[in-house]
Amino acid sequence: MLSNTQSYADSPDGTGDRPVATPIVEMSGISISFPGVKALQNVAFRLFPGEVHSLMGENGAGKSTLIKALTGVYTIDSGSIRVAGNDVLFSGPGEAQNAGIATVYQEVNLVTNLTVAENIMLGREPRRFGMIDWRAMRKHSRKVLADLNLDIDPGSLLESHSIAVQQLVAIARAVDINAQVLVLDEPTSSLDAREVGELFTIIRKIRDSGVAILFVSHFLDQVYEISDRLTVLRNGELVSEHLVHDLPRIDLISKMIGKDLAALDELEEGTKREATERVSGGAFLHAEGVGKTGSIKPYDLEIHPGEVVGLAGLLGSGRTELARLLYGADKNDSGAITIKGEPVKLRSPRIALDNKIAFASEDRKAEGLIGDLTVRANIVLAMQSERGWLRQIPRKQQDELAEKYIKALDIRPTNPEALVRNLSGGNQQKVLLARWLITEPKLLILDEPTRGIDIGAKAQIQKLVASLSDEGMAVVYISAELEEVLRLSHRIGIMRDRVKIAEIVNQGVTVNDIMETIAAEAGQPA
Amino acid sequence: MTTTLQPAIGPEAPSKKRSLKRFERYSPIAATVVLLIVMLAFGGIRYDNFLSGQALLDLFNKNSYLFVLAIGMTFVILTGGIDLSVGAVMAMGTVIAAQLLSKGWSPALVIPVVLVISTVLGLLVGLMIDKFKIQPFIATLAAMFLARGLSLMITDRQIAITDTFFQKMNLTHINLWETTTNTRRGVRVSDVYTTWSVVIALLILVIAFVVLHYTRFGRTVYAIGGGESSANLMGLAVARTKISVYAISGLCSGLAGILYSFYTASGDPIVGVGYELNAIAAVVIGGTLLAGGAGYVLGSVLGVITLSVIYAYKDFDGGLNTGWTRVMIGALVLLFIVLQRVLVARRK
Amino acid sequence: MKHVLSNRLIWPALVLVALLLANLAFNHSFFNIRLQNGNLFGPLVDILRNAAPVVLVALGMTLVIATRGIDLSVGAVAAISGSWASMHIISSGDPSSVRVVLTAVGVALLMALVAGAWNGFLVSVLGIQPIVATLVLMTAGRGLAQIITSEKILYPDNSPAYKLIGGGYLLAVPFSILLAGIIFGLTAILTRRTALGTLIEAVGVNPEASRLAGIRSRSIIWIVYLFAGLLAGLAGLMLTSNSTSADPNSIGLFIELDAILAVVIGGTSLAGGRFSLAGTLIGAFIIEAMNTFVIQAISARATDVFKACVVIAVMILQSPQARAMVTGAFRGRKRAVVVPAGSVVSPGSAAISAPAPATPDTADGHTAATSDSILTKSSGTTS
């Protein structure tokens, strides 16, 4: 697995004049599994002092799991972790912290109801005569903040500050406990450009003082701006480790996405779409400048009956956020939507449903299925909520619908009374699709419908989407697998960093074209 | 080393606004103070002697046990929990004390025994909540049944306490100053007094305040209320603290039982039914968030005084239906809950 | 046989049978039912009759709990409706008039509905957490009842029509038992013949997925609180009609606790989701049978202690952590071989994990290492 990585003799880049360092963190052979999932398999990872090292990978790659293994939140099943040359086995975040590993999570893991000073020093408050010395605490915090060039009142409540400032306070806490390793898990996901710039200034300052920084972000521009080294994970396995300047963006993207689709291609020859534009008659849905502050920049979209519009982009590029706006799962704060020429305010999923829009979320478990209910109940749920609670769909009709879709979509087990939570991922996805198909939607929004399911079910779902669009249904199709988007879509919107950067008609387009568009540096024409 | 430091991030607002923001956290407690002043003024206008020294002190004298209950409850609610067992544990305290005293035990032994038993009960509740992840309300509900049931098994009727120490605590007044009132028969001089129970309650208040604000344990209590998983990720002693707050609440309930048996010179297994609601109401009216993480033990004391004022209305106005006191308490609780929702919503 | 054992109701039912047999051991005429003056009498009839108000309240509570809620105010609502009906009947001057009683019942139930609507408003519209929202009415409700009765204890005992609800007989059977049975049937129809039951379960299992499926959870939640209020009001009528006095301080005191206990014993989880009305029914009978047993075998004073022990036992049995601990203890020796000593479960890591995904099936089939990892990891798996 490590064969294609850089030689270990390389000195960490970015601080060139420092002597060759030994890694402060060395993880090897790390495996972790959860019931039914192998989250990490035999992964190796190393981190040098004085470098910013980015961990890259798409959904399910194992980034979070690896971080949580390092920070003591998860216990590893096998493998070893060495910190500063010593074997360690953490049984809680406290122990990892004591070993000099501090973590700043995406959702700031501080307590916002207390003051900035306390958040920096909680658990290590200076005491006089056994009592907390508040004056000393504020003084010390002010110094810590000043060292990072931050002008924040240590006596103010953390919740009175923006997420960006909270993020910086979390970093200040980490610096103050003399962390040798600072883990930053998507610290920039809710910051604007200016805030990111200021955060990076501070990260560099900390790095230059010799701290090893593990950085995770979905934003490629940021990764290339701040990192010295990259490790790429995919599907719980290590792909490779590189110095940043050795790895062009296009290669990084292809490593993250992977190219293990040959098998599927063979299976799928029959459904290759005729790549023509399908614009007949009026649009079903027209969205103009639809956006939501902090979530997605204004987006124009037009979709016609019988058309599949693909959304391509990396994780965090805004594709899910757009889908949620189109379904009313989140409310847009800019732009307008018309359906068949009529202006519509999609304030709730229910309104979208009434307008014959359906949305299958990428997070089947949390946002899709009702795990403790039966396959039948899940299949008829949306139709039932359309009818209201008083008019129950007659049991006979429920059984017929369930049976019909279990057969049509080849759902296993075929027992409609099985609990959905006991089904495999692919079958759960089909149940979710069945729920929406029963409502006979005019627009079907599918967010990662084939993620984490086996290849057979994947092919079935793709075929289904193709035939639905042939029957006149409009489909928005989101997938991290570019081949899949290319295979199914008539038009493709390409997104990066929450902005639509291109919209292309799917004629003679290749995966490489899309990847190059995504990889183009911000500011350059796509 | 080459980075040029840009203008730092911080609140853009000038420092004056910042200092105002600092006080925003006291706004619920300010609301309580205003409410209390209005209620006292209303009583003063409506009833004679409502604002006399003795009447004001009686707000404390008559409810010393409620102060202690509310202080214990504050710890629990600050962590985001709730303790429904406090009234029953208090009753258990009175019964155990009365029973042991009637068997000839010395008060010097009885009081520690009561406190230890109630603390251990709270500790067990805390362990259930922490180790088995049982919701606090159901775990403390079980404790309520248990404490009430144990009291009833000891005795199903009131036991009078004849012990001289308890009698003394019952009857001794601590005279503070003299006051003169004009009556038809001339000028009457009387002492304005308080009781030892109030002194004990105030002592507990001071201890609670110091613990909550000047110890790591206290700050961990707040941190858990602010976000249990965050507190955990920060490496704080979450489990130990969570268990401890229920033990503290148990201890306070036991002590409230002792104070109550001072007050009534008896042990009674059915006393304190619904006191958990009063304690919770006092904490909420005192500005503590029921979700935890924000509030002050001083606020809870103000909350108890507010309840005491409502009871004083009833004492001063014989025609007032007791029902109104409950309705007023309920209305105040609602008012503060809605206020909390508004404040929390505005912060987001 | 396997099918029978997998039924969720089998364990509560077995407990109930065991309790009844235990009662029989102390009282050999326990199962005797005799006809006296054309009416049924006997210890079993008493148990059913005593359980009737709890059954009513618990049915409403079941639906509330299934939506992840709780209604602490049911006892106070019972006090309001019972007090109002008694007051109206006494002050009407014609307590035996059926029309007066019908008006009293009608208005009392309307008040209970208003109370339920109030709770539903606080929970579903204002978004206040249920335990807090219903606490308001729990505190104020008894006050309202006291205001209604002017703090008097009422004696509505010269109204045969009112007496019928809780203490009368119809066709040889105590009317309260019939009424509870009818309400049970209606609740079953309401939840299973309409889509209400499914939608309640959907909202309770996964509120966000339900929202995305287009369910109007606000109205569903409102309905369950209305229903809980109505049934609490009916229970209040039953309680005041059966006793000769109506004291607003004691009508339905602690009935919310018995109701919650009945629901939990009946297999409906406090975390919401799937509910079982039949389980709740059995749960209410278990509580009454246990009370009868404790009164016979020990003393009436011991019933609370027993109840406490049952609550604790049931909650611990339902706790995944406790199951995992038991599993871990059985596998202790094996695990020590497989897993390095340092990685034993720490309180810290256990505390972070959300209610762990340790389902009962971890007890069989898995290797020791797997069961250990379930203990130490939280449920999140993706990065």
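**Exercise 1. Helix α14 of chain C**

Find which residues of α14(C) are buried in this predicted model, and what they pack against.

*Solution.* Start with the burial list: Thr303(C), Asp304(C), Val305(C), Lys307(C), Ala308(C), Val310(C), Val311(C), Val314(C) and Met315(C) are the buried residues. Next, look for their partners. Within chain C, these buried residues pack against α12 (255-265) and α13 (277-297), and from chain B α7 (136-154) joins in.

**Exercise 2. Thr191 of chain C**

Decide whether Thr191(C) is buried or exposed, and trace its surroundings.

*Solution.* Now follow the side chain. A polar atom there lies 2.9 Å from the backbone oxygen of Thr187(C), and the side chain also reaches the backbone oxygen of Ala188(C) at 3.3 Å. Leaving out residues up to four places away in sequence, Thr191(C) touches Leu63(C), Leu196(C), Gly197(C), Thr198(C), Phe275(C) and Leu277(C).

**Exercise 3. A helix pair in chain A**

Work out how α5(A) and α6(A) are oriented and what their contact is made of.

*Solution.* Take the geometry first: the axes of α5 (residues 163-176) and α6 (residues 193-208) of chain A come within 11 Å and cross at roughly 5°. That is under 35 degrees, so the helices are roughly parallel to each other. Then list the contact: α5(A) gives Ala164(A), Leu168(A), Ile171(A) and Val175(A), while α6(A) gives Glu195(A), Leu199(A), Ile202(A) and Ile206(A). Sorted by class, these are 7 nonpolar, no polar and 1 charged residues.

How values were computed
Residues numbered from 1 in each chain as written. Chains lettered and ligands numbered in written order. Predicted model: local features only at pLDDT ≥ 70, side-chain atom pairs only at ≥ 80, totals over all residues. Heavy atoms only, no water. Axes fitted to C-alpha atoms, helices over the stretch in contact; angles between N-to-C directions. Helix = DSSP H or I, 4+ residues; strand = E, 2+ residues; numbered from the N terminus. Parallel < 35°, antiparallel > 145°, perpendicular 65-115°, else oblique. Contact = heavy atoms within 4.5 Å. Nonpolar A, V, L, I, M, F, W, Y, C, P; charged D, E, K, R; others polar. Buried < 20%, exposed > 50% of the residue type's maximum accessible area, 1.4 Å probe, protein only. Polar contact = N/O pair within 3.5 Å; in protein donor to acceptor, adjacent residues only side chain to side chain.
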